[in-house]
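Here's a quick briefing to read with the model open beside you.

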Amino acid sequence: MKTLSILIGLVISANIFAQDQQIIKGEIVDLTHSFSEESVYWVTAKEFQLEEVASGLTDAGFYYSANNFTTAEHGGTHIDAPIHFAENKQSVDLIPLENLIGTGVKINVQDKALKNPDYLISIEDINNWESKNGMIPMESIILFQTGYGKFYPEAKKYLGTDKRGSDAVKELHFPGLSVEAANWLIGKRNIKAVGLDTASIDHGQSKDFATHVALMTQNVPAFENVANLDNLPEKGFQIIALPMKIKGGSGGPLRIIAIK
C-alpha cells in the first residue's frame, strides 16, 4: 500500500510538471524595473516611498517583516489605462485580461532614437520591420525599443533632466511614438496594447499628448518604462502584462514578462 501511494504521488507530480511545462514553454524574461526610491517618475508625480513597519525577530521568536508604500499611479514600469487620456474609457481594473496577454512584437529603433532624443517612431519604422519579418499579427502587443532603457534610472540621461516640478516639463527630451504610427497600428493591425522603454508613449517634448489620446480613445493601453527589451527577439514571444488592479485607476504599477 505504501509503495502504491508513492507511485500515485509520483504520477501526480509528473502530471503537474507536464502541465507547467505546457503553460510555460520557453525562457521567461522579466520586463519590469524594481520599484524603489530610484524609480523614475514623471517630474510632477509623487515618487515611490517605502516605509518600514517591522523587520526582525518578534518576542515570540519568529522573524517578521512588513512595509507601507506610497506612490503615484504613473511611474516605474507601469500601465496607462485608457481613462488616463479618454473620458469614459476603461480604467485599469476594467481592461480585459485578454488585451494584456498575447503575441509580442519588438520593433527596434534605437539606431535612430539614440541619435535624436526627440525622435518620433514612424510608420516607416513599422514598414521596415514588416519588410524583414512579415506582417505584424493582428491583435498583437507591440513593444518599441528606443535604447533609452540602458539609461534607467539615471534621470538626466533617461528623461533629459534630473529636475522635478512643473518647470522641469519643458526640459524633457526622450523618444516616443508618433500619432500617425499609433493610428496606423490601431487601424491596420488592431493592436491590443503598446509599450516602450521610455517614460511616456508620447515623446518628451509633446504638448498635446496626441499619441496617448489616439490610443486611449480606442481603449488601447500603453506600457511605459519597460525594462530589458534588449533581451527579446523581434518576434516569436508572448507577453503577459498584469497591472495592480486599482478600481477606477488611470494606471498603476505593472509586472510585465515575456516568454520566448
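A word on terms before we start: buried means under 20% relative accessible area, exposed means over 50%, and partly exposed is anything in between (1.4 Å probe, protein chains only). This is a predicted model, so local features need pLDDT of at least 70 and side-chain atom pairs count only at pLDDT 80 or more, while totals for chains, interfaces and linings use all residues. Residues are numbered from 1 along each chain as its sequence is written, and side-chain values use heavy atoms, with hydrogens and water left out.

**The overall picture**

- The protein has six helices and 12 strands; helices (H or I, at least four residues) and strands (E, at least two) are DSSP runs, numbered from the N terminus.
- Its C-alpha atoms fill a box of roughly 70 × 50 × 35 Å, taken along the principal axes.
- Of its 260 residues, 44% count as buried.
- Take the contacts (heavy atoms within 4.5 Å) between residues at least 6 apart in sequence: 75% of them join residues at least 24 apart.

**Nonpolar cores**

- A nonpolar core here is a set of buried Ala, Val, Leu, Ile, Met, Phe, Trp, Tyr and Cys residues joined through side-chain atoms within 4.5 Å.
- The largest one has 26 residues, and those with the most contacts inside it are Ile107, Ile136, Ile142, Phe144, Leu185 and Leu215.
- At least two residues of this core come from each of β5 (101-108), α3 (123-133), β7 (141-145), α5 (179-189), β9 (193-196) and α6 (210-216).
- Helix α5 gives the largest share of this core, five residues.
- Another core lies apart from it, with 20 residues, including Ile79, Val92, Ala241 and Leu254.
- What does Ile142 touch, leaving aside its neighbours within four places in sequence? Its contacts are Val105, Ile107, Ile136, Leu185, Ile191, Ala193, Val194 and Gly195.

**A lysine to look up**

- Beyond its neighbours within four places in sequence, Lys106 is in contact with Trp129, Leu143, Gln145, Leu229, Asp230, Leu232, Pro233, Glu234 and Phe237.
- The C-alpha atoms of Lys106 and Leu215 are separated by 18 Å, and the two residues are 109 apart along the chain.

**The largest pocket**

- A pocket is found on a 1 Å grid over the protein atoms alone: it is an open set of points where a 1.4 Å probe fits, with protein on both sides within 12 Å along at least five of seven lines, and lining residues have an atom within 4 Å of a point.
- About 210 Å³ of space lies in the largest pocket.
- It is lined by 16 residues, and the closest to its centre are Trp42, His74, His84, Ala199 and Glu224.
- Sorted by class, that lining has seven nonpolar, seven polar and two charged residues; Ala, Val, Leu, Ile, Met, Phe, Trp, Tyr, Cys and Pro count as nonpolar, Asp, Glu, Lys and Arg as charged, and the others, Gly among them, as polar.

**Aromatic pairs**

- Rings of Phe, Tyr and Trp (its six-membered ring) pair if their centres lie within 6.5 Å; planes under 30 degrees apart count as stacked, over 60 as edge-to-face and the rest as tilted.
- The structure holds seven such pairs.
- One of them, Trp42 with Phe209, is edge-to-face, at 6.4 Å centre to centre and 65 degrees between the planes.
- Trp42 sits in the loop between β1 (28-30) and β2 (49-57), and Phe209 in the loop between β9 and α6, 167 residues apart.
- Trp42 counts as partly exposed because its relative accessibility is 21%, and Phe209 is partly exposed at 22%.
- Phe48 and Phe69 make a stacked pair, 5.8 Å centre to centre with 20 degrees between the planes.
- Phe48 is buried at 11%, whereas Phe69 is partly exposed at 44%.
- Trp42, Phe85, Phe174 and Phe209 form one aromatic cluster.

- Most residues other than glycine have a negative phi, and most peptide bonds are trans.
- A cis peptide bond joins Tyr152 and Pro153, with omega about 5 degrees.
- Pro153 lies in the loop between β7 and α4 (155-159).
- Glu139, not a glycine, has a positive phi of about 60 degrees; it lies in the loop between α3 and β7 and is partly exposed, at 43%.
- Asn228 also has a positive phi, near 60 degrees.
- Asn228 is found in the loop between β10 (222-224) and β11 (237-243) and counts as partly exposed, at 35%.

Notes: Points joined across faces, edges and corners; volume = space filled by probe spheres on them.
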